[in-house]
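The following account leads the reader through one structural model, element by element. Please keep the sequence and the coordinates in view while reading.

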Amino acid sequence: MFSKKTSEPKTSLALRLAIGSAFITGVCFFVAFTVVYLSLASIAHNRIDDRLRHEAAEVKSLVALQRVSNIQNALSEMANAEGTGLVFYRIVKEDGTSIAESDATMWTGLNADKDVLRALNEPFFATMKIPPGAEPLRVMYSRLGSGMVLQAALRQEHELQPLHDL
């Protein structure tokens with residue numbers, strides 16, 4: 001009886017299916033990319049933490065063999081061997097007083113966290129930016145014995161560059 005003309009074009013079933021398929025494919029690609037990215041990020045952070053643990057073991061053996069007066073030079077040599085400005089070592093007392101450290105000119109603003117030093121039972125890891133907005137640093141605190149704690153820091157940009165590229 002009454003036929004009403006609509007000015008809206010009808011979308012065909014094929015077009016709706018194509019749009020739906022494109023949307024589902026896009027969501028699947030996004031989820032897959034996110035899973036791959038997070039997996040690679042986890043692997044990269046674990047590699048950085050393992051490297052810091054290895055450095056801590058070297059410093060522990062160094063402290064056991066050296067006198068405190070020689071530790072300063074040994075820490076500087078270890079840091080320079082890794083590359084200028086890539087690694088930083090500091091040995092502190094439990095109250096935060098520095099005993100020895102490698103060259104700190106590129107590490108201004110990185111102080112020993114006294115709260116971490118007080119509560120430290122096992123190696124503690126933290127990621128921080130010094131100064132704010134700079135590339136992230138991975139910092140580890142580890143007990144050396146004799147009331148001393150190692151603070152080791154590593155710049156992450158080389159390890160995380162593949163993630164940034166991705």
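**A helix, a sheet and a buried arginine**

Helix 1 has 53 residues, which at 1.5 Å a residue should span 78 Å, and its end C-alpha atoms do lie 78 Å apart, in agreement. The expected span is taken as 1.5 Å times one less than the number of residues. Helices (H or I, at least four residues) and strands (E, at least two) are DSSP runs, numbered from the N terminus. The model is a predicted one, in which local features need pLDDT of at least 70 and side-chain atom pairs count only at pLDDT 80 or more, while totals for chains, interfaces and linings use all residues. Residues are numbered from 1 along each chain as its sequence is written, and side-chain values use heavy atoms, with hydrogens and water left out.

Several residues of helix 1 are buried, among them Ala41, Ile48, Leu52, Val59 and Val63. Buried means under 20% relative accessible area, exposed means over 50%, and partly exposed lies in between (1.4 Å probe, protein chains only). The buried set of helix 1 also includes Asp49 and Glu55.

The sheet is open and consists of 5 strands in the order 2-1-5-4-3, with antiparallel pairing; two strands pair if DSSP finds at least two bridges between them. Strand 2 (98–101) and strand 3 (124–129) are the edge strands, each with a single partner, so one side of each has no neighbour in the sheet. From one strand to the next, the twist averages 25 degrees. Axes here are lines fitted to C-alpha atoms, for helices over the stretch in contact, and angles run from 0 to 180 degrees between N-to-C directions.

Strand 1 (residues 87–93) and strand 5 (residues 148–155) are joined by 7 bridges in the antiparallel sense, and Val87 has Leu154 of strand 5 as its bridge partner. Helix 1 (residues 13–65) packs on the sheet, touching strand 1, strand 3, strand 4 (136–145) and strand 5, and its direction makes about 35 degrees with that of strand 4. Contact means heavy atoms within 4.5 Å.

Arg90 belongs to strand 1. Its relative accessibility is 8%, and Arg90 therefore counts as buried. The side chain of Arg90 reaches the backbone oxygen of Leu110 at 2.9 Å. Beyond its neighbours within four places in sequence, Arg90 is in contact with residues including Ser98, Leu110, Asn111 and Val149.

Ser98 lies in strand 2 and is partly exposed, with a relative accessible area of 40%. Leaving aside neighbours within four places in sequence, Ser98 is in contact with Arg90, Ile91 and Val92.

Technical notes:
A polar contact is a pair of N or O atoms within 3.5 Å; within protein, one must be able to donate a hydrogen and the other to accept it, and residues adjacent in sequence count only if both atoms are side-chain atoms.
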